[in-house]
Amino acid sequence: MFKTELHCHSSDVSGCARVNAEQIIEKFTSAGYSTLVLSNHLHPWTHCHVKSESWSELIDKYIEGYNNLKEKAQGKLNILLGMELRVRENGNDYLIFGVTEEILRAHENLLDMNIWDVHKLTLENGMLLIQAHPFRDGITVTNPKAIDGVEVFNGHKGHDSRNDIAEAWADKFSLIKTSGTDFHYDYAPANAGIITEHEITDMAALIETLKSGNYELIKITD
């Protein structure tokens, strides 16, 4: 059985994170994970965190965070590029699986899109769009037709994500379910993700797995 983490942040890109690449690798290898999706924040304020002046420079530094983690992993973990996107429309956060550097560079207007346009983009490019912690304070519930799934278990101990409501919502609208630690701090537990019978080594395999439903959610509440 193989464990995959779907929602992790590193301090070199996500301004709210306090963990570097080495700490992330240590945490998740020690907890027995084989794969980790780095889903750093990309939102209207990311420019301030990474001190970039242009979209191109922002994406340079965004991808550097991923490359740095992959290099530090030294094969101990499969590192996949993900993203937690927030557009100017509201304060919602969306996990995107399947995003690439090329797609990011080609869409300088990404932060100005509404969620329907984002979903159109993800569908056209074979990506999955998952609303993160959809019932946390300050979040607007998204029309279920505009997304592929919801994060039904968010492991961040500093927020009440109302995971039980998120799971009921996913059941009601037959949405893909995900689980992630929302890892920001070195003392936070490795308490979420998915378990599969096969090792997930690339994003195509992850997307196929999530679409198939052939996985078990990790939801550790202690």
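**Terms and model**

Ala, Val, Leu, Ile, Met, Phe, Trp, Tyr, Cys and Pro count here as nonpolar, Asp, Glu, Lys and Arg as charged, and the others, Gly among them, as polar. The model is predicted, with local features needing pLDDT of at least 70 and side-chain atom pairs pLDDT 80 or more, while totals for chains, interfaces and linings use all residues. Residues are numbered from 1 along each chain as its sequence is written, and side-chain values use heavy atoms, without hydrogens and water.

**The cavity**

The structure holds one cavity of 30 Å³ or more (a set of points on a 1 Å grid over the protein atoms alone where a 1.4 Å probe fits but cannot get out). The largest cavity has about 40 Å³ of space, a volume being the space filled by probe spheres set on the points.

Its lining (residues with an atom within 4 Å of a point) consists of Met83, Ile96, Val99, Ile103, Leu104, Leu110, Val118, Leu121 and Met127. These divide into nine nonpolar, no polar and no charged residues.

**Helix α1**

In α1 (residues 21-30), Ala21, Ile24, Ile25 and Phe28 are buried (under 20% relative accessible area, 1.4 Å probe, protein chains only). They lie on the same side of α1 because they cover an arc of only 95 degrees around the axis, taken from the directions from the helix axis to the C-beta atoms. Their cover includes β1 (2-8), β2 (33-38), α3 and β4 (78-85), with contact meaning heavy atoms within 4.5 Å.

How values were computed
On a 1 Å grid over the protein atoms alone, a cavity is a set of points where a 1.4 Å probe fits but cannot get out, and a pocket is an open set with protein on both sides within 12 Å along at least five of seven lines; lining residues have an atom within 4 Å of a point. Buried means under 20% relative accessible area, exposed over 50%, partly exposed in between (1.4 Å probe, protein chains only). Helices (H or I, at least four residues) and strands (E, at least two) are DSSP runs, numbered from the N terminus.
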